[in-house]
Amino acid sequence: MIGVIDVGGGTRGIFGAGVFDYCMDNGIDFDLFIGVSAGSANGSSFISRQRGRNLVFYDNYAFRRKYMSVWNMLISGEFINLDYIYSTLSNSDGENPLDYKAFSENPTDFEVVATNAFTGKPVYFPKSAIKQDSYDIVKASCAVPVASKPYPIDGIPYYDGGLSDPIPYKRAFDKGCDKLVVVLTRPKDAFRKQDGDLKFAKLVRKKYPKAAEVIINRYEVYNSSLIEILELEKQGKVLIIAPDDISGLKTLTKDHKPLRKLYAKGYAEAEKIKDFLNK
């Protein structure tokens, strides 16, 4: 069983968009796709076989103020408008709808990782949780703290899946994978720093203390997971697809030139997948 994980990373997710466009162009498929944050959006379009769809979101729609902007923050208290992205644009009557029929009929299994804001624990939503014009689990997985409010599903608020399980390789192997491709959006020798996490944690601590704890510790979780998949790569069980450079792109950077460069890097790096799967 062959699995793939896309860890997301805001607009840096354009790297994964390049990876999966290459896969579609070259007939590369997987038995299981686990998406984290923007990686869940990449996975949705990959499974629905909509080549180039994610590129438009990163390199076009993301520059609209309705998508993410200070204007949004002033209007709604959220920098990122998840409903605009994954409902207004993506619904069947939207500007760029997800092909739900193709998505649902594709046999590839799909999971989306989100973080329960009350418990700080990861939740793995199944493919069946996505219905026509109901992409709430993707919104939940992409709810970046402070930039977004936690997204509610059945009365439970969820934050970005990258807080609690940023590289869910253990989940993939537990699901039966023999080989695993992991798509990162930072160089694979780039370990995460705590940086502004303390500030973000302070802003959510009063309402969601468990989520705040996870934010404080996420750099350690990411780094330990990275160390482990680097070792698994040496053993031939994992292939890490990662950019050698991200041209200064941060999670929510909007800049066409480095974004397009990162997309091209993803497309080029994905060529390694062929050899890995044929070994």
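User: Which residues does F30 touch, not counting residues up to four places away in sequence?

Analyst: F30 touches I2, G3, V4, F20, C23, F46, T108, V181 and I273, where contact means heavy atoms within 4.5 Å. The model is predicted, so local features need pLDDT of at least 70 and side-chain atom pairs count only at pLDDT 80 or more, whereas totals for chains, interfaces and linings use all residues. Residues are numbered from 1 along each chain as its sequence is written, and side-chain values use heavy atoms, with hydrogens and water left out.

User: Why does F30 count as buried?

Analyst: The relative accessibility of F30 is 4%, and F30 therefore counts as buried; the term covers values under 20% relative accessible area, with exposed over 50% and partly exposed in between (1.4 Å probe, protein chains only). F30 is located in the loop between α1 and β2 (32-36). Helices (H or I, at least four residues) and strands (E, at least two) are DSSP runs, numbered from the N terminus.

User: Which residues of the largest nonpolar core touch the most other members?

Analyst: They are V19, F20, F30, Y67 and I273, in a core of 70 residues. Such a core is a set of buried Ala, Val, Leu, Ile, Met, Phe, Trp, Tyr and Cys residues joined through side-chain atoms within 4.5 Å. Helix α1 contributes 8 residues, the largest share. For V19, the residues touched are V183, I241, G266, Y267, A270 and I273, leaving out residues up to four places away in sequence. A second, separate core has 20 residues, including L32, V36, V182 and V238. In soluble globular proteins, nonpolar side chains tend to be buried together.

User: What makes α1 and α11 oblique to each other?

Analyst: Helix α1 (residues 14-25) and helix α11 (residues 256-269) pack at an angle of about 40 degrees, with their axes 7 Å apart. Axes are lines fitted to C-alpha atoms, for helices over the stretch in contact, and angles run from 0 to 180 degrees between N-to-C directions. Angles under 35 degrees count as roughly parallel, over 145 as roughly antiparallel, 65 to 115 as roughly perpendicular and the rest as oblique. The two helices α1 and α11 are therefore oblique. Among the residues that meet in this contact are V19 and Y22 in α1, and L262 and Y267 in α11. The contact of α1 with α11 consists of 9 nonpolar, 2 polar and 4 charged residues; Ala, Val, Leu, Ile, Met, Phe, Trp, Tyr, Cys and Pro count as nonpolar, Asp, Glu, Lys and Arg as charged, and the others, Gly among them, as polar.

User: At what angle do the axes of α1 and α2 cross?

Analyst: The axes of α1 and α2 cross at roughly 15 degrees and come within 10 Å. That makes α1 roughly parallel to α2. In this contact, G16, A17, F20, C23 and M24 in α1 meet N42, S45 and F46 in α2. By class there are 5 nonpolar, 3 polar and no charged residues.

User: How many residues of helix α2 are buried?

Analyst: In helix α2 (residues 38-47), 10 of its 10 residues are buried, and the helix is mostly covered. Just after α2, R49 has a positive phi of about 60 degrees.

User: Why does V146 count as partly exposed?

Analyst: V146 has 30% relative accessibility and therefore counts as partly exposed. V146 sits in the loop between α7 (136-141) and β5 (151-153), and its phi is near 75 degrees, a positive value in a residue other than glycine. S247, with 33% relative accessibility, also counts as partly exposed; its phi is near 50 degrees, again positive. S247 lies in the loop between β8 (238-241) and α11. Most residues other than glycine have a negative phi, and most peptide bonds are trans.

User: How do you know that Y208 is buried?

Analyst: Y208 has a relative accessible area of 9% and is therefore buried. Y208 lies in the loop between α9 (197-205) and α10 (209-234). Apart from neighbours within four places in sequence, Y208 is in contact with A117, F118, P150, P157 and Y159. The C-alpha atoms of Y208 and P157 are 9.6 Å apart, although 51 residues separate the two along the chain.
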